[in-house]
Amino acid sequence: MRARHVAGAVTVAAMTVLGTSACSAGSQAGPPSSAPPSSAPPSSAPPSAGQSASASARDRLRDGLLTQAQLPQGFHLLTAEINSTTTAAPHGPASTVPIASMPCSELGVQSFMTHHAPPLEDVAVGMEQVPEQISEQVPDDAWFGQEALDRYAPGRAAEVMAAIRAAAQRCPSYANALDSGTTTQETVSVTAADVPADDSLVLRIASALPDDPEPYVSEQAFVREGDVILMVQKLVAKKPRAGVEAVLPAAVAAYRAPTAH
C-alpha cells in the first residue's frame, strides 16, 4: 500500500509542477478583438520587425512539440490538466547558483535546468499512458511526464549539457531528506540517448526508501540540437516497464520535422 501512496503523492506533486511551469500562455491567449474603428489612436500600431521575429521564433519552437498524432500508441496529451503550449522563458525566479555548483538533491527536481540555467524561450507539453489495470505485483505500466523545448543563446546550450553531465558525475550517490522526515538514498547514472543529436544524455535516479528493497525510478533525457535542448522526463515509478525511450524518438522526430522549422 505504501507504494501506491508514494506514487499517488508524486503524481499530485507532478501535476502541480507541470501546471506551474505552464503559466505564461494562458495570460497571452484570448478571443480575437474586433477591428478598431478608423478613429483609433496611433497607439494601435503594427508590431515592429523585432517583435514579429520574436513571435515567429516562439511559434517555430512550439511547432516542434509533440502532437497527439505524433505520440506513440496508447499515449495522450495532458491538455486538460496543463496548458500544452507555454511560451517565453519560465516565470520562476532564476537561481544565482549554476548547475555545476547546485546541491546534489537538485538533480531530482523537474525544473533544475531552467532554474539554474534559464533559457531564452521555453515550451512544454505533458503526456501520459495509463494501464488498464494497476497491480503492485507487476511492473508499473503507467507513464506520466512531459516534453520541453528550451532555446538558449548561441553556444549556451552546449555549456548547459556539459554542466548537467558534470553534476551527475559529481553526485553518483547521495542522501535526500524529505519534508516528511524520511531520508532516501539516491543513486544517479548517466547514459547516452540512442537518438540522432549534437549531444544527448539520459539522467536516471533511483530513490530507495528505508526498509524497501524496490527503488522508485525517475528519468530525464536531454537532447541538444544546436541551441535548443529537448527534454523528456518520465516521473517516478516503481519497477517501470518503460522509461524515456518510450517517447524520446518520437519527440526528436517531431522537433526535426521540416514543418517545425
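## Glutamate 147 in strand β3

E147 is located in strand β3, which covers residues 143–151. Strands are DSSP runs of E with at least two residues, while helices are DSSP runs of H or I with at least four residues, and both are numbered from the N terminus. The structure is a predicted model, in which local features need pLDDT of at least 70, side-chain atom pairs count only at pLDDT 80 or more, and totals for chains, interfaces and linings use all residues. Residues are numbered from 1 along each chain as its sequence is written, and side-chain values use heavy atoms, with hydrogens and water left out.

E147 is buried but has no salt bridge. Buried means under 20% relative accessible area, exposed means over 50%, and partly exposed lies in between, with a 1.4 Å probe and protein chains only. A salt bridge requires a side-chain nitrogen of Lys or Arg within 4 Å of a carboxyl oxygen of Asp or Glu. The nearest side chain of opposite charge to E147 is that of R256, 12 Å away; Lys and Arg count as positive and Asp and Glu as negative, whereas His and the chain ends are not counted.

A polar atom of the E147 side chain lies 3.0 Å from the backbone nitrogen of L66. Apart from neighbours within four places in sequence, E147 is in contact (heavy atoms within 4.5 Å) with several residues, including L66, V125, L230 and A251.

## The sheet

The protein chain contains six helices and eight strands. The eight strands form an open, antiparallel sheet in the order β1-β2-β3-β8-β7-β6-β5-β4. Because β1 and β4 stand at the edges with a single partner strand each, one side of each has no neighbour in the sheet. Two strands pair if DSSP finds at least two bridges between them.

Strand β3 runs antiparallel to β8 (residues 228–238), and seven bridges join the two. Within this pairing, D150 has I229 of β8 as its bridge partner.

Strand β4 pairs with β5 (residues 183–191) in the antiparallel sense over five bridges, and S173 stands opposite T187 in β5. The hairpin of β4 and β5 has five residues between the strands, and G181 there takes a positive phi near 100 degrees.

In a regular strand the side chains alternate between the two faces of the sheet.

## The disulfide and a nearby loop residue

The structure has one disulfide, a term for a pair of cysteine sulfur atoms within 2.5 Å. This disulfide joins C104 to C171, with an S to S distance of 2.0 Å. C104 lies in the loop between β1 (76–77) and α4 (112–116), and C171 in the loop between α5 (156–170) and β4 (173–177), so that distant parts of the chain, 67 residues apart, are linked. The torsion about the S-S bond is about -75 degrees, so the disulfide is left-handed. C171 is buried, with a relative accessible area of 1%.

G108 also belongs to the loop between β1 and α4. With a relative accessible area of 48%, G108 is partly exposed. Leaving aside neighbours within four places in sequence, G108 is in contact with Y174 and I205.

Terms used. A polar contact is a pair of N or O atoms within 3.5 Å; within protein, one must be able to donate a hydrogen and the other to accept it, and residues adjacent in sequence count only if both atoms are side-chain atoms.
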